[in-house]
Amino acid sequence: MPAPLTPDAPRLLDALATGSAALLQRRFWSNGVNQLLEALGEASGVSRVWIFQLLERSASGVLQDYVFEWVATPGYRQLTQKRFRFFTTAIDDPEYADMVTRRARGDAHTCIVSQLPNGSLREHLESQSIRSMVTVPIMLNGQWWGTLGFDDCEHEVAWEGPGLQALTIAAELIASAIYRHQLNSRKRQVDLLQRVAACGAWEINPASGATWCSSGLLATLGYPPDYARLPLRRLLAHIVPEDRRALWMLLRHCCGVCNSSCRLDVRLIDQQGEIRWHELVLEANYVSGGRLADIAGLAIDISQRKQGEVQAQTEAEFDELTGAHNRRGMVRYIRELLDSQKCQRPYLLLLDIDHFKSINDRYGHPAGDVLLKTLAKRLAGELRPDDCLVRLGGEEFAVVAAELGEAQVLQLAERLRNCIAEDPFVLNALPGIGGTLNARKVSVPMTVSLGVATMMPGGSVGHCQSMAIAQADQALYIAKESGRNRVVAYWQR
Ligand SMILES: Nc1nc2c(ncn2[C@@H]2O[C@H](COP(=O)(O)OP(=O)(O)OP(=O)(O)O)[C@@H](O)[C@H]2O)c(=O)[nH]1
């Protein structure tokens with residue numbers, strides 16, 4: 001009996017070089033695998049090169065699928081045979097059991113069929129006219145993913161040494177191609193998910209300052225999707241300063257109680273200065289001693305939701321005609337003012353238009369509406385951005401002013417009274433209105449009376465507000481009774 005052949009290692013190494021280049025360059029990894037099998041098949045002179053993918057393994061058998069094949073001549077083709085589609089092989093032969101155990105461990109297996117003991121493995125190989133076989137497992141992350149096999153139906157080949165090592169390298173190359181393909185698929189899925197959910201992912205290591213942002217988040221912030229790492233400081237600068245402070249406070253709190261997840265709405269500024277609301281979903285990992293190891297999470301674009309919320313809040317808290325706050329808006333303003341502890345004793349100025357009924361009667365209700373709007377504008381022009389102008393209803397307005405002393409609030413009230421009284425309002429009156437025959441501009445002098453009271457905190461915001469309104473109302477009543485177009489403070493009655 002002739003001695004078994006030995007593989008031509010240099011040719012196999014050449015084939016590896018050609019095949020690995022194909023694996024790296026081919027757009028579809030499966031085309032690269034086919035090319036590698038072809039190069040190896042031709043270099044080794046075997047009849048068939050194949051890959052089985054392992055689908056299930058139990059003590060009694062293995063379920064595999066025949067997924068790749070190269071054949072020296074069409075007669076050796078088996079991939080198309082039904083019996084190799086999702087086929088189960090029973091482990092009923094010690095030789096086969098040993099081979100499965102080796103493959104699962106990541107070890108190669110070689111055999112010359114005529115030297116195998118009788119049993120199902122030998123029968124199985126003989127039924128395929130195989131004279132020698134070598135198999136190398138394809139290991140993915142330490143797990144047996146599948147098997148790369150070489151069948152020789154013509155010769156007995158003793159697979160060993162550099163030739164066998166070349167096949168082991170081929171299996172590793174295939175594993176890395178599969179792994180790359182899996183990662184690319186995951187990346188595509190994650191990108192799709194992020195696009196569909198309008199969110200980006202990020203990760204920060206607070207100790208090293210290392211950051212990672214998904215391409216979606218980078219694009220949101222105005223960077224190219226493949227931008228190199230953003231330094232932590234630069235990344236944080238994309239959060240509006242006020243929200244950054246809120247984020248630090250939240251993180252400090254989370255660290256204090258070793259809370260692992262939290263959420264916060266923040267405004268992100270992109271490179272062009274455009275601001276969009278995002279919900280940050282954070283997941284924090286701690287090491288022993290409660291020290292923060294890393295934080296990761298999502299930034300979900302919620303600008304549309306926020307727009308809706310702002311619109312709903314505007315509708316609920318502002319007067320449609322004048323744009324001033326309504327009562328509900330005033331309650332929120334007072335609550336926030338008292339909560340912020342910026343001001344312990346706000347003042348309430350109650351303001352009522354004098355003889356508005358006669359103005360309405362003379363020029364008509366629509367003209368009265370125009371006057372109310374213009375009046376609100378004039379009042380707002382006298383206020384600081386932090387003050388709150390309220391239309392309580394009809395021709396009655398209020399101003400909540402913070403951080404003022406008694407003398408200053410009376411000066412403010414006088415200023416408001418004066419800004420209405422000093423210049424008559426101008427109306428585009430229609431013919432017949434206000435005794436006019438032609439459409440023309442008419443001058444409408446108006447005055448307002450004001451009652452001023454202090455808001456005394458303590459109890460609920462509602463109680464504090466009603467008390468102040470009642471007192472300011474008493475002062476306003478006195479202002480009206482004593483001739484109108486004047487200011488009366490509750491404490492001066
Ligand atoms: N145009 C217009 N008028 C309104 C609106 N709400 C209330 N008014 C009118 O405001 C007038 C208030 O009249 P009164 O309460 O008698 O008070 P006044 O005429 O301003 O007299 P004094 O307050 O006593 O100086 C009424 O004619 C109401 O119809 C509004 O939204 N638009």
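The model is predicted, so local features need pLDDT of at least 70 and side-chain atom pairs count only at pLDDT 80 or more, while totals for chains, interfaces and linings use all residues. Residue numbers start from 1 along each chain as its sequence is written. Helices (H or I, at least four residues) and strands (E, at least two) are DSSP runs, numbered from the N terminus.

Axes are lines fitted to C-alpha atoms, for helices over the stretch in contact, and angles run from 0 to 180 degrees between N-to-C directions. Strands β4 and β5 pair in the antiparallel sense over four bridges, and T110 stands opposite V134 in β5.

Another open sheet has five strands in the order β8-β7-β11-β10-β9, again with antiparallel pairing. Its edge strands, β8 (210–213) and β9 (261–269), each pair on one side only. Neighbouring strands of this sheet are turned by 20° against each other on average, direction ignored. Within the sheet, β10 (residues 275–287) and β11 (residues 291–301) pair in the antiparallel sense over 10 bridges, with L282 opposite G297 in β11.

The 36 residues of α5 should span 52 Å at 1.5 Å a residue, and its end C-alpha atoms are 53 Å apart, which agrees; the expected span is 1.5 Å times one less than the number of residues. Buried residues of α5 include G163, A166, L167, A170 and Q194. A residue is buried if 20 or more other C-beta atoms lie within 10 Å of its own, exposed if 12 or fewer, and partly exposed in between, with C-beta atoms placed from the backbone. The cover over these buried residues includes α1 (9–25), α2 (29–44), β5 (132–140), β6 (143–152), β7 (199–205) and α6 (215–221). After α5 comes A198, whose phi is positive, near 45°.

Helix α1 holds G19, which is buried, with 25 other C-beta atoms within 10 Å. Leaving aside neighbours within four places in sequence, G19 is in contact with Q35, L36, A39, L40 and A170; contact requires C-beta atoms, placed from the backbone, within 7 Å.

The ligand has 15 residues around it, of which D354, F356, K357, G368 and G394 come nearest. A residue counts as near a molecule or strand if its C-beta atom, placed from the backbone, lies within 6 Å of it. The elements β12 (347–353), α11 (356–363) and α12 (365–382) each supply at least two residues of this shell, and α12 gives the largest share, four residues.

Most residues other than glycine have a negative phi. H355, in the loop between β12 and α11, has a positive phi of about 50°. H355 is exposed, with 12 other C-beta atoms within 10 Å. E403, in the loop between β14 (396–401) and α13 (406–421), has a positive phi near 55°. E403 is partly exposed, with 15 other C-beta atoms within 10 Å.

Methods. Two residues are in contact if their C-beta atoms, placed from the backbone, lie within 7 Å. Two strands pair if DSSP finds at least two bridges between them.
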